[in-house]
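Take a look at the picture first, then read on.

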Amino acid sequence: MRVALLANLKKNAPTWPGMSPDQWDDLDSEETLESILAALRLGGHEAEFFEANQTLLQTLPSYKPDICFNISEGHWGDGREAQVPALLEMLRLPYTGSRVLALALALDKPMTKRVLAFHSLPTPPFQSFERLDEPIDPDMTFPMFVKPSREGTGMGVSAQSIVHNETELRRQLRELIERYRQPALVERFIDGREITVGVVGNLTRPVAKRLPEDEDAPRITAGLHFLPPLEVDLDRYPTEEAGLYTGRVKTELADDFHYLCPAPLGDEQLEELNYLAAAVFRVLGCVDVARVDFRLDRNDDDKPYVLEINPLPGLNARISDLVIEARADGVSYAELINSVLLYAAARQGLMPRGISLDWPAVRLPQGD
Ligand SMILES: Nc1ncnc2c1ncn2[C@@H]1O[C@H](COP(=O)(O)OP(=O)(O)OP(=O)(O)O)[C@@H](O)[C@H]1O
Ligand SMILES: [Mg+2]
């Protein structure tokens with residue numbers, strides 16, 4: 001196939017005086033884009049990179065891709081990750097990964113949590129602060145955790161995110177609301193292990209997004225493949241990081257990543273995390289690939305809480321969680337990338353009918 005790789009390169013992002021130094025931490029590096037292009041070519045495809053902005057309206061019709069490999073994060077607005085998919089749908093071009101609604105929803109953590117709560121999926125109790133002076137909900141108890149509503153890559157997450165009293169809470173709210181110009185999400189602080197579960201594929205039957213109300217109903221996961229969970233080995237980081245997967249750990253310290261993969265978990269616990277990952281993937285309407293982040297509450301028998309779902313998980317060949325998980329599953333980087341492409345192609349009718357894709361969807365002679 002002819003594939004257009006759509007992404008926002010960090011080095012092409014706009015800058016201005018006084019911008020936050022982490023403003024574009026979730027955008028991609030040239031290294032990542034080169035690896036994806038090389039992987040797609042290894043899979044036998046033609047592949048070119050296009051900066052994911054309004055120039056796509058000119059560049060894509062002249063390139064005429066069969067499909068777009070979309071990892072665009074966007075620059076502006078509360079639905080920035082959904083903008084390129086919206087444009088591709090206008091142009092009637094197929095693309096990999098989740099669609100407009102799922103991307104906009106998953107980018108907004110409080111909205112995601114409202115959907116999870118509706119389905120009784122476990123997520124820490126929370127309150128969204130749109131203004132600094134909003135009263136604290138009486139159900140909320142300290143310690144709490146404060147983070148931006150619509151960022152990734154640990155932006156705005158540091159030891160100061162854990163707040164123990166109202167003074168600390170208001171200070172942190174002011175800092176985040178001013179720096180990121182968006183509501184702040186305040187959650188119950190979950191002290192415990194940090195696990196992330198990668199999911200690839202698509203639920204086979206056209207299943208409803210909503211979960212059955214009956215808790216004993218069969219747990220539908222057919223068509224999805226769960227990668228071995230990755231645990232961030234928080235004890236091996238400097239104490240300043242306060243046992244958190246902070247922005248600093250995800251950027252400055254990323255090359256010295258400490259993790260356990262597969263995470264040491266009992267069978268039942270693994271099954272529960274996989275079920276929850278599938279349920280979150282399903283109720284948000286994700287497709288092809290995602291990564292669900294959890295914390296296990298050490299004060300409540302390691303009860304799992306969903307922190308968020310990432311429908312555009314990082315795809316750096318050396319350091320991204322999803323790639324490490326695939327490798328622990330015996331699947332190379334190129335096989336992972338090409339599998340995502342093929343799941344998307346099959347879902348959108350670009351593959352011969354009746355073809356059923358396993359995991360990985362393709363085995364390639366050379367590894368990465
Ligand atoms: N309620 C909470 N209790 C304890 N720690 C939390 C809580 N929420 C977030 N954290 C910590 O902050 C980190 C970042 O939070 P979260 O996953 O929500 O943000 P993110 O920056 O969007 O992450 P990603 O890089 O996966 O996109 C978590 O990995 C965890 O270490
Ligand atoms: Mg996360």
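Glu-335 counts as buried, at 5% relative accessibility, because anything under 20% falls in that class. Keep in mind that we're looking at a predicted model here. The partner of Glu-335 is Arg-363, and their side chains meet in a salt bridge with N and O 3.0 Å apart. Glu-335 belongs to helix H10 (333-347), while Arg-363 sits in the segment after that helix, so the bridge ties together parts that are 28 residues apart in sequence.

Three of the residues involved, Asp-22, Glu-175 and Arg-179, are joined into one network by bridges that share partners.

What about Glu-151 and Arg-80, are they buried or exposed? Both are buried: Glu-151 has a relative accessible area of 13%, and Arg-80 has 8%. They form a salt bridge too, and their closest N and O atoms are 3.2 Å apart. This one links distant parts of the chain, with Glu-151 in the loop between S5 and strand S6 (162-163) and Arg-80 in helix H3 (residues 80-90), 71 residues apart.

Then there's Arg-219 with Glu-272, a salt bridge at 3.3 Å from N to O. Arg-219 lies in the loop between strand S8 (192-201) and strand S9 (224-226), and Glu-272 is part of helix H8 (residues 267-284), so parts that are 53 residues apart in sequence get tied together. Here both ends are partly exposed: Arg-219 at 40% relative accessible area, Glu-272 at 28%.

How many residues surround ligand 1? The count is 23, and the closest are Lys-109, Lys-147, Gly-154, Glu-187 and Glu-194. By type, the shell around ligand 1 has eleven charged residues, eight nonpolar and four polar. Four strands each supply at least two residues of that shell: S5 (144-148), S7 (184-188), S12 (288-297) and S13 (303-310).

| Side chain | Distance to an oxygen atom of ligand 1 |
|---|---|
| Lys-147 | 2.6 Å |
| Lys-250 | 2.7 Å |
| Asp-293 | 3.0 Å |

On its own, ligand 1 would expose 620 Å², and the protein buries 96% of that.

Note on methods
Residues are numbered from 1 along each chain as its sequence is written. Chains are lettered from A and ligands numbered from 1 in the order in which they are written. This is a predicted model: local features need pLDDT of at least 70, side-chain atom pairs count only at pLDDT 80 or more; totals for chains, interfaces and linings use all residues. Side-chain values use heavy atoms; hydrogens and water are left out. A residue is near a molecule or strand if one of its heavy atoms lies within 4 Å of it. A polar contact is a pair of N or O atoms within 3.5 Å; within protein, one must be able to donate a hydrogen and the other to accept it, and residues adjacent in sequence count only if both atoms are side-chain atoms. Accessible areas come from the Shrake-Rupley method with a 1.4 Å probe; for residues, only the protein chains shown count as cover. Ala, Val, Leu, Ile, Met, Phe, Trp, Tyr, Cys and Pro count as nonpolar, Asp, Glu, Lys and Arg as charged, and the others, Gly among them, as polar. A salt bridge is a side-chain nitrogen of Lys or Arg within 4 Å of a carboxyl oxygen of Asp or Glu. Buried means under 20% relative accessible area, exposed over 50%, partly exposed in between (1.4 Å probe, protein chains only).
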